Each structure stands twice: as C-alpha cells, then as structure tokens.
Amino acid sequence: MLTPTEKIWHNGRFIKWDDAKIHVLSHVVSYGSSVFEGIRCYETVAGPAIFRLREHVRRLLDSAKIYRIDVGFSMDQLCDAMVELVSVNNLQSCYLRPIVLRGYGDIGVHGTKCPTEVYLACWEWGKYLGEEALASGVDVCISSWNRIAPNTLPALAKAGANYMNSQLIRMEAQVNGYAEGIGLDSNGFISEGSGENLFVIRDGKMLTPSLGSSALPGITRDSVLTLAAHMGIPVVETVIPREMLYIADEVFFSGTAAEITPIRSVDRITVGGGKRGPITEQIQKEFFAIVRGTTPDRNGWLTPVGTRNLAEVTQ
C-alpha cells in the first residue's frame, strides 16, 4: 500500500497529498490516456540521489509525443521539480511517479481538447518482488496473454492504457502461484514481463529481446547493457524463443521496480542451478554499488538531492 508523503507537485506548484484529485469524467478515466514513469531515488553514502533522472524524463516526453499529448513543461523543469519534490518531502530514498494525463473537458475519444494535467509524486517503497527475491530468485510462467502487437499500441511508449495488458499477465501469474508472468510477442517470441525487461544467459553470452519484440526501452535495461559492456560480457539483442528460457544458465529481470531480480524457474522448469547465477550476481552487485554510492558513478547516472524543511514550501 502507498505511504502518503506531505506534498505532490501539480502543474508547477506543490499541493497536499490528499488534494491531488481528478474528476471522474476526466478523459484518462474512460480511455486510459496517460503516460508515466517509475523512478527510484536511492539513499547513497553522500545523501539521496535520483537514478537516471534525465533518461526517465526523456522517455516520459517521448511517450507523450507518441500519444500527441502536449506536456507544457521542459525536461529541465520536470527534472528540477522532481529533485525539489524529494527534498521537500525530506526523503532519503523513495519511488517517484510522474504522470501526464488528459483531464476533464471533452469526452470524445481523441481527447485533444482536454487539458493536460502533470503530477509528480513520491513515496517510500521497498523491493517490488520481495527482498529475498534478489538472492533466491522468483518463479515465473509464460503467460497465455501476448504482449501488444506493434500495430496495435506503441510499445515504446510507457502509457497507462498499455498496462491493461500488463495487468492481465500479472494477475494470471499470481492466480496460478507465480511471482510474475512473461508475455510473448505477436510472433511467439519472448517479449518482457508485466513490468520488467528480460535477460537470458547461456554459455557466458547475454541475450535480451530487441525493442522490435514489443519490449519497452527500459532505463534499467540500458544500464545492464552498459554494465555488461564494461565487464566484457558479450550481449546480443535478438529474438528469443520460449524454450531458450528452459535451457538457459541464468535468467533475470531488470526494471526500476524489480531492479535486478534473478529468475529461478520458468513454467516449473528450474533455470540453471535454481538460484542466482554468477553473471546475474556480478551485474547485480555492480548496479547496487553504483546506486548506493559505494563505487564511482562513472556514467553520471545519479542526480543528488538536497533536503529542505517543509515549512519553507508554500502551497
């Protein structure tokens, strides 16, 4: 459950958490016309820092452009606002959720006459798939629900409507006793989890579905690709058949929420040794060392956050 914080940023000003409301007939309620991001702020040895803030905001603006939503704020404005949001809520670590939505106005499907509402919220949030999952891994299944086809909804956009598909994948998995589900693309190849990108390791080589397999261009996915290059691990973006997961040496999820989470079984078939593998562990340790500030941030991924007293913030 959400743990409320003091302030949410709305269209350029801070408001109280409980005042962040929309009308039931807002366009987004009927048609899912929103784009959003999930961003983590980590507690580092030097204080709180937001992970890959500009890359997340760029994807937010890209998503809005694809759906023809005029955001009305620049990248710099949104980045500065999120840094201040964490600061005014006096948080050392948190999850940030920027949302751009079509608000109350016209009820027509296209919604271009509706006002754009921009909200930035943050709250404390732990490990998405559980703390123990980072070491022991999770059990997953191949979903009966395919990922969206490329000519239906744009998979490159992180849009609210797209996640109705993700909900079906996740709910089916949980009902059947799995931690997560994996969707196949329209050609029957591996795409991604309900909210995570996927990596497969076989004979020291790392494979990941290409963006053409209806996979979201994940920021953590990109981080893994960068880390693997630094470590000399060969990576191939390619189509991956379902059965490759069964015979892989290691499989892991990546994502803002999931971070780097190993997969121990797929469809009740044990992956490798049934626990976190050595390459997954290597990637995981380097990732957490960077976000916690215990190793140099050589890629410039962390945006430091100063803290301020809430009394300084006027509504």
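This report looks at a pair of packed helices and at salt bridges in a predicted model.

## About the model

Residues are numbered from 1 along each chain as its sequence is written, and side-chain values use heavy atoms, with hydrogens and water left out. Because the model is predicted, local features need pLDDT of at least 70 and side-chain atom pairs count only at pLDDT 80 or more, while totals for chains, interfaces and linings use all residues.

## Two packed helices

Let's start with helix α2, residues 53-66, and helix α3, residues 75-88. (Helices are DSSP runs of H or I with at least four residues, and strands are runs of E with at least two; both are numbered from the N terminus.) The two helices pack at an angle of about 125 degrees, and their axes lie 10 Å apart. Here axes are lines fitted to C-alpha atoms, for helices over the stretch in contact, and angles run from 0 to 180 degrees between N-to-C directions. α2 and α3 are therefore oblique to each other; angles under 35 degrees count as roughly parallel, over 145 as roughly antiparallel, 65 to 115 as roughly perpendicular and the rest as oblique.

Which residues of α2 and α3 make the contact? On the α2 side they are Leu53, Arg54, Val57, Arg58, Leu60 and Leu61, and on the α3 side Met75, Asp76, Leu78, Cys79, Met82 and Val83. Contact means heavy atoms within 4.5 Å. Sorted by type, the contact has 9 nonpolar residues, 3 charged ones and no polar ones. (Ala, Val, Leu, Ile, Met, Phe, Trp, Tyr, Cys and Pro count as nonpolar, Asp, Glu, Lys and Arg as charged, and the others, Gly among them, as polar.)

(A salt bridge is a side-chain nitrogen of Lys or Arg within 4 Å of a carboxyl oxygen of Asp or Glu.) Arg54 sits in helix α2 and Asp76 in helix α3, 22 residues apart, so the pair links distant parts of the chain.

## Other salt bridges

The whole structure holds 14 salt bridges. One of them joins Asp267 to Arg242, with the closest N and O atoms 3.1 Å apart. Asp267 lies in the loop between β15 (259-266) and β16 (269-270), and Arg242 belongs to helix α7.
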